[in-house]
Amino acid sequence: MKNIYLNIFPFNKKILNKIVKLLKKNKIIGLPTETVYGLAGNAYSKASINKIYKLKGRPKYNPLIIHYFDLNRALEDVEANSSFKKLYKKFSPGPITYILKKKINSKIVSNATANLKTVAVRFPKQKNIRSILKKLDFPLAMPSANISSKVSPVKALDVYDEFKNKLNIIVDGGKSKIGIESTVIDLTGDPKLLRPGIISHFKIQKILRVRIKTNFKISKINSPGLLKKHYSPGIPVLINQKKHDKNSAFIYLGNKYKNRKKFFSLSKKSNLKEAASNLYMLFRKIKKMGYKKIQIQKIPSRGSGLAINDRIKKAANYR
Ligand code: TXA
Ligand code: MG
């Protein structure tokens, strides 16, 4: 089939050079990562950052994650501490974001971090984004490529659905492997989990050998963007559901209702990591099919189930 989406491109050397040029000119590009697709712009340019906020309709108090090729480059902008170095060694590049203190002489523009003295730093693993980061002499501010409060995109076409032709380029890197956003861990004081992800706080605890706080009261300061309503597919979501109401799309784990219409399995093998990777894809698919409501069965609160429950709880808050 002919590609009718004029701004979706496969990754190659030619497109790489074009992207580098456009980013230098403060343009915003849709890029794949292993977690979800992002909206990328030059983190050292105020104009680029303003464009990102405008495109997403994102509140200015919600800071962006800054993406680097490696530790050395990040050290130009943030203070490293021993916890960060240990976690970096174990998990980066990969689906984890660290909140660190910003260096006084950091070049990150203040509107990228909502004027905070801290920076969220991530080292993505997906190979296209790594080739791009390697070639740039600035890091990329990159929130998930969705309109604020909506579901994150996991395919190039999802990004197109959100922004249509407002982006010059959307790179098609296939489906994002992880399928939900990175774990966010605050390392500026006692470690705190700000957003659960595939890398659980138990795994982090094992490396740091200290307790990771998870159930603290979220204040505006330590997590400005962790809104209670988020990840909305645009139709009501009900969680901990036992009985199908006959009309809604019913999301479940396993293989029990395999040939039944209106039933959608997150993972036939009831594997929670696989379930997390399918969640946003199913949300979008169900919405497109015209359903008016989503029911979700109770998801176990262990492993990647913790991250799934965080997302679906917030999706359920949305009306
Ligand atoms: O997987 C991901 O992290 C994706 C991909 C594209 O890298 N990005 C992503 O970005 O999910 P975004 O903007 O959708 O979510 C970033 C989260 C927000 O909840 C924001 O409030 C928080 O990180 N954050 C950013 N900077 C922060 C800071 N300095 N202190 C506390 N939280 C921060
Ligand atoms: Mg987001």
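1. In this predicted model, a polar side-chain atom of Asn62 lies 2.7 Å from an oxygen atom of ligand 1. Two further side chains approach ligand 1 through an N or O atom: that of Ser144 is 3.0 Å from an oxygen atom of the ligand, and that of Arg195 is 3.0 Å from an oxygen atom of the ligand. The protein covers 97% of the 690 Å² of accessible area that ligand 1 has on its own; such areas come from the Shrake-Rupley method with a 1.4 Å probe, and for residues only the protein chains shown count as cover. A polar contact is a pair of N or O atoms within 3.5 Å; within protein, one must be able to donate a hydrogen and the other to accept it, and residues adjacent in sequence count only if both atoms are side-chain atoms.

2. The shell around ligand 1 has 25 residues, of which Thr35, Arg58, Asn62, His67 and Ser182 are the closest; a residue is near a molecule or strand if one of its heavy atoms lies within 4 Å of it. By type, the shell divides into 12 nonpolar, 9 polar and 4 charged residues. Here Ala, Val, Leu, Ile, Met, Phe, Trp, Tyr, Cys and Pro count as nonpolar, Asp, Glu, Lys and Arg as charged, and the others, Gly among them, as polar. At least two shell residues each come from strand E4 (65-67), strand E6 (118-122) and strand E10 (192-195), and the largest share, 3 residues, is that of E6. Helices (H or I, at least four residues) and strands (E, at least two) are DSSP runs, numbered from the N terminus.

3. On conventions: residues are numbered from 1 along each chain as its sequence is written, while chains are lettered from A and ligands numbered from 1 in the order in which they are written. Local features need pLDDT of at least 70, side-chain atom pairs count only at pLDDT 80 or more, totals for chains, interfaces and linings use all residues, and side-chain values use heavy atoms, with hydrogens and water left out.

4. Helix H5 (residues 127-135) has Asn128, Ile129, Ile132 and Leu133 as its buried residues. Seen down the axis of H5, these residues fall within an arc of 130°, so they line one face of the helix; the arc is that of the directions from the helix axis to the C-beta atoms. The face turned away from the buried side carries the exposed residues Lys127 and Lys134. Buried means under 20% relative accessible area, exposed over 50%, and partly exposed in between (1.4 Å probe, protein chains only).

5. The buried residues of H5 pack against helix H1 (13-24), strand E2 (29-31), E4, helix H3 (71-74), strand E7 (140-141) and strand E8 (170-172), where contact means heavy atoms within 4.5 Å. At the start of H5, a side-chain oxygen of Gln126 reaches to within 2.7 Å of the backbone nitrogen of Asn128.

6. Helix H6 (residues 156-163) has 6 of its 8 residues buried, so it is largely enclosed by the rest of the structure. These are Ala156, Asp158, Val159, Tyr160, Glu162 and Phe163, and they pack against strand E1 (8-10), strand E3 (38-42), H2, E8 and helix H8 (272-288). Asp158 has a relative accessible area of 7%; leaving aside neighbours within four places in sequence, Asp158 is in contact with Pro153 and Arg284.

7. Ser48, in helix H2 (residues 46-56), is buried at 0% relative accessibility. A polar contact of 3.0 Å joins its side chain to that of Ser45. Not counting residues up to four places away in sequence, Ser48 touches Asn26, Ile28, Gly41 and Asn42.

8. Most residues other than glycine have a negative phi, and most peptide bonds are trans. The peptide bond from Ser92 to Pro93 is cis, with omega near 0°. Pro93 lies in the loop between helix H4 (82-91) and strand E5 (96-101) and is partly exposed at 28% relative accessibility. Not counting residues up to four places away in sequence, Pro93 touches Phe123, Pro124, Lys125 and Arg130.

9. Positive phi values also occur. Asn115, in the loop between E5 and E6, has a phi of about 65° and is exposed at 62% relative accessibility. Tyr231, in the loop between helix H7 (201-208) and strand E11 (237-241), has a phi near 55° and is buried at 4% relative accessibility. Lys164, which follows H6, has a positive phi near 45°.
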